[in-house]
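Subject: Structure for you to look at

Hello,

Here is the structure I said I would pass on. Please open it first, then read the notes below next to it.

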Amino acid sequence: MPSLADEEWMRHALALARRAEHEDDEIPVGAVLVSVDGEVLGEGWNRNITEHDPTAHAEIVAMRQAGRRIGNHRLLGSTLYVTLEPCAMCAMAMIHARVARLVFGAPDPKTGAAGSVFDLLADPRHNHRVDVSGGLLAEESGTRLTNYFRRKRGKPPV
């Protein structure tokens, strides 16, 4: 069950998603990785178009920053807040990094790997599982994404 702190962190991720759209004209997905003590370890937004890097999703950007900050590829005890359900690449990166918990906003019915299309984070064949809470501020996250793509297609916002 998401807490008040979870909602505050998700709002932080939504602010990062806004930056993705307004600063870089990227798909508005934001992510923030928080330590067990409530400290920001890393944050980011989609940068794959800007950086010509197919792996520069918001989650990966945040985890890379966190790894450099703490000097370790293991992000033990951390919680990742992201505005859109992670894809398979990002889900597997969370498993390899040993992220403890994922809180996401909007589900992704096309490529979601945290329960919508795939459920990689709960697969018992992995030696690490990530606790998942989905749907926090999903409407706000989803509307931002929908309106971004509507704008790209010359349509009015919903």
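The model is a predicted one, so please keep that in mind as you read.

I will start with a strand. Gly-134 is part of strand E5, which covers residues 131-134. Leaving aside neighbours within four places in sequence, Gly-134 is in contact with Phe-104 and Gly-105. Gly-134 and Ala-13 are 121 residues apart along the chain, and their C-alpha atoms are separated by 14 Å.

Next, two helices. Helix H1 spans residues 4-24, and helix H4 spans residues 138-152. The two pack with their axes 11 Å apart, at an angle of about 5°. Angles under 35 degrees count as roughly parallel, and H1 and H4 are therefore roughly parallel to each other. On the H1 side, the residues that meet H4 are Arg-11, Leu-14, Ala-17, Arg-18, Glu-21 and His-22. On the H4 side they are Glu-140, Ser-141, Arg-144, Tyr-148 and Arg-151. Sorted by class, this contact has 6 charged, 3 nonpolar and 2 polar residues.

One residue of that contact can be followed further. Is Glu-21 buried or exposed? Its relative accessible area is 11%; buried means under 20%, so Glu-21 is buried.

Regards

Notes
Residues numbered from 1 in each chain as written. Predicted model: local features only at pLDDT ≥ 70, side-chain atom pairs only at ≥ 80, totals over all residues. Heavy atoms only, no water. Helix = DSSP H or I, 4+ residues; strand = E, 2+ residues; numbered from the N terminus. Buried < 20%, exposed > 50% of the residue type's maximum accessible area, 1.4 Å probe, protein only. Axes fitted to C-alpha atoms, helices over the stretch in contact; angles between N-to-C directions. Parallel < 35°, antiparallel > 145°, perpendicular 65-115°, else oblique. Contact = heavy atoms within 4.5 Å. Nonpolar A, V, L, I, M, F, W, Y, C, P; charged D, E, K, R; others polar.
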